[in-house]
Amino acid sequence: MIRFDETTFGTLNADAYDQLHDPGTTDESVALISELAGAGRILELAIGTGRMALPLAARGHDVSGIEGSPEMIAQLRAKPGGAALFVVQGDMADVAIDGPFDFAFLVFNTLFNLPDQESQIRLFANMARKLAPGGQFLVEAFVPEFSGFSNHQRLATKSLGMETLCIEAVQHDPVQQTLHFQRAHINNTGTRLVPLPLRYAYPAEIDLMARLAGLTLQARWGGWHRQEFTAESKMHVSLYKKADS
């Protein structure tokens, strides 16, 4: 099995990230973050190819970023405005970047890319150190659910065409709270395998990690339009705040 670190996702995905990983929620997520952040200094964790940061910068926000993958940073730099953003390469759970920041965010389930609970706890502690008093930290993540699983595994067709096929297999370890994905992209030139391990957490556990770092839950929504978060919600947008002093 491939051993993942902060660079591996970009090594496997940077060349096609924008085409294959578009969540379809960019406009509404940028709008909400822009409103919540106001005129403050913003930090994006896992800035990637700039899907969020570049439109925020175009709105006049002061945005910096942390990114583990040099390939993802290269994709960002190649885009209009990408060279102007300040980005530090490193593990988002530990990397040093000069603060303080008034607002930080981590979206598209990327909290779960950290491999275990300990590294996720370190990430919240790192953000608490980087935030100014009264600063806010926004996290977007899916709510774990296991419909379609049998014997802790699932196989699904993600896309199907005349000359292309994408199949996703996933194994679930409920003890470690991990999901190990393998996507097989098949076309007439061959097969490309793209693995991804995730360590998931339920909202209550994420809240506890935040509390340990001195961050308090301010709001939780079931989507980017501030929908009510309910037992039926498939994802959550959670906003934490550091004490004013």
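Modeller: A residue counts as buried under 20% relative accessible area, as exposed over 50% and as partly exposed in between, with a 1.4 Å probe and protein chains only. Tyr240 has a relative accessible area of 0%, so it is buried. This is a predicted model, in which local features need pLDDT of at least 70 and side-chain atom pairs count only at pLDDT 80 or more, while totals for chains, interfaces and linings use all residues. Residues are numbered from 1 along each chain as its sequence is written, and side-chain values use heavy atoms, with hydrogens and water left out.

Colleague: How many aromatic pairs are there?

Modeller: Rings of Phe, Tyr and Trp (its six-membered ring) pair if their centres lie within 6.5 Å; planes under 30 degrees apart count as stacked, over 60 as edge-to-face and the rest as tilted. By that rule there are six aromatic pairs. Phe112 and Phe142 make an edge-to-face pair, 4.9 Å centre to centre with 75° between the planes.

Colleague: Which parts does that pair tie together?

Modeller: Helices (H or I, at least four residues) and strands (E, at least two) are DSSP runs, numbered from the N terminus. Phe112 lies in the loop between strand E4 (101-106) and helix H6 (117-130), and Phe142 in strand E5 (residues 131-142), so the pair ties together parts 30 residues apart in sequence. Phe112 is buried, at a relative accessible area of 0%.

Colleague: And what does Tyr240 pair with?

Modeller: Tyr240 forms an edge-to-face pair with Phe124, at 5.9 Å centre to centre and 85° between the planes. Phe124 is in helix H6 and Tyr240 in strand E11 (residues 235-242), 116 residues apart. Phe124 is also counted as buried, with 0% relative accessibility.

Colleague: Which residues form the aromatic cluster?

Modeller: Phe146, Phe149, Tyr200 and Tyr202 form one aromatic cluster.

Colleague: Changing topic, what is the strand order in the open sheet of four strands?

Modeller: The order is E6-E7-E8-E9, with antiparallel pairing; two strands pair if DSSP finds at least two bridges between them.

Colleague: Why is one side of E6 and of E9 left without a neighbour?

Modeller: Strand E6 (153-160) and strand E9 (190-199) stand at the edges, each with a single partner strand, so one side of each has no neighbour in the sheet.

Colleague: How many bridges join E6 to E7?

Modeller: Seven bridges join E6 to strand E7 (residues 164-173), and the two run antiparallel. Leu155 stands opposite Ala169 in E7.
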